[in-house]
Amino acid sequence: MLKQASTTIHVHKPEKAISQIEAVLSRQNIESALEISVKILRQSFDHYDWVGIYLVKGEMLELAAYDGESETEHVRIPIGQGICGAAAREGHTILVPDVNKDPRYLACFASTRSEIVIPIFGKDTVLGEIDIDSDKPSAFDDEDQETLEGVARMLAHKIESK
Ligand code: SME
């Protein structure tokens, strides 16, 4: 009998997503550009269940745009708190393969199993970050990190030029 493969196959469409986001960033104002970018990311990758962009305002991260089934209660996160706050304070991408095993995790959705947070770097500071939750465990890999760090660099140009 033919055995079913147990590996999960992720749908990755990074090139298309990046060119769509590039076009949006060149044509739209910052608010619309962020709103459309989170939608493009969520629609382009089947393991991205909730996509948000937070912007740094003083000592806080404030949710500027999101796309997902539900709203999060974490619309303002102090820098240093949660996975989001840790990525902003430490200034590097954080991948969490199992959110239930990370004591920093601030729970938003019961279905979330893994998370990736990518800082958006300005010249000298962190301007904000992309936060993505997946309902699949260990959903994010190096390819996601590379793609999303590229998107974060594009967003940084737009945020700095506003
Ligand atoms: N889980 C995040 C909080 C934001 S929600 O995922 C939308 C954290 O631990 O910082």
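# Strand pairing and helix packing

Reader: Which residue of β2 stands opposite K57?

Author: In β2, K57 has M60 opposite it. Strands here are DSSP runs of E with at least two residues, helices are runs of H or I with at least four, and both are numbered from the N terminus. This is a predicted model, in which local features need pLDDT of at least 70 and side-chain atom pairs count only at pLDDT 80 or more, while totals for chains, interfaces and linings use all residues. Residues are numbered from 1 along each chain as its sequence is written, and side-chain values use heavy atoms, with hydrogens and water left out.

Reader: How many bridges join β1 to β2, and what lies between the two strands?

Author: Eight bridges link β1 (residues 50-57) to β2 (residues 60-68), and the two run antiparallel. Strands are taken to pair if DSSP finds at least two bridges between them. The two strands form a hairpin with two residues between them, and G58 in the turn has a positive phi of about 60°.

Reader: Is β1 enclosed or open?

Author: β1 is largely enclosed by the rest of the structure, because six of its eight residues are buried. Buried means under 20% relative accessible area, exposed over 50% and partly exposed in between, with a 1.4 Å probe and protein chains only.

Reader: What about β5 and β6?

Author: Those strands run antiparallel and are joined by eight bridges, with β5 covering residues 114-121. They form a hairpin with four residues between them, and F121 stands opposite V126 of β6. On β4, V96 has E115 of β5 as its bridge partner; β4 and β5 pair over three bridges in the antiparallel sense.

Reader: In what order do the strands run across the whole sheet?

Author: The order is β3-β2-β1-β6-β5-β4 in an open sheet of six strands, with antiparallel pairing. β3 (76-78) and β4 (94-96) are the edge strands, each with a single partner, so one side of each has no neighbour in the sheet. From one strand to the next, the twist averages 20°.

Reader: Which strands does α4 touch?

Author: α4 packs on the sheet and touches β1, β4, β5 and β6, and its direction makes about 40° with that of β5. Contact means heavy atoms within 4.5 Å. Angles run from 0 to 180 degrees between N-to-C directions, and axes are lines fitted to C-alpha atoms, for helices over the stretch in contact.

Reader: How does α2 lie against α4, parallel or antiparallel?

Author: The axes of α2 (residues 30-44) and α4 (residues 142-160) are 11 Å apart, at an angle of about 170°. That makes α2 roughly antiparallel to α4. Under 35 degrees counts as roughly parallel, over 145 as roughly antiparallel, 65 to 115 as roughly perpendicular and the rest as oblique. I30, A33, L34, S37 and L41 of α2 meet L148, V151, L155, K158 and I159 of α4. By class, these residues are eight nonpolar, one polar and one charged. Ala, Val, Leu, Ile, Met, Phe, Trp, Tyr, Cys and Pro count as nonpolar, Asp, Glu, Lys and Arg as charged, and the others, Gly among them, as polar.

Reader: And where does α1 meet α4?

Author: P14, I18, I21, E22 and L25 of α1 meet E143, T147, V151, M154, L155 and K158 of α4. This contact has seven nonpolar, one polar and three charged residues. The axes of α1 (residues 14-27) and α4 come within 11 Å and cross at roughly 5°, and the two helices are therefore roughly parallel.

Reader: Which residues touch the most other members of the largest nonpolar core?

Author: They are L41, Y48, I120, I130, I132 and L155, in a core of 31 residues. α1, α2, β1, β5, β6 and α4 each supply at least two residues, and α4 gives the largest share, seven. Such a core is a set of buried Ala, Val, Leu, Ile, Met, Phe, Trp, Tyr and Cys residues joined through side-chain atoms within 4.5 Å.

Reader: What does Y48 contact?

Author: Leaving aside neighbours within four places in sequence, Y48 contacts L41, R42, I132, D133, F140, D144 and L148. A second, separate core of 16 residues includes C84, A86, I94 and V117.
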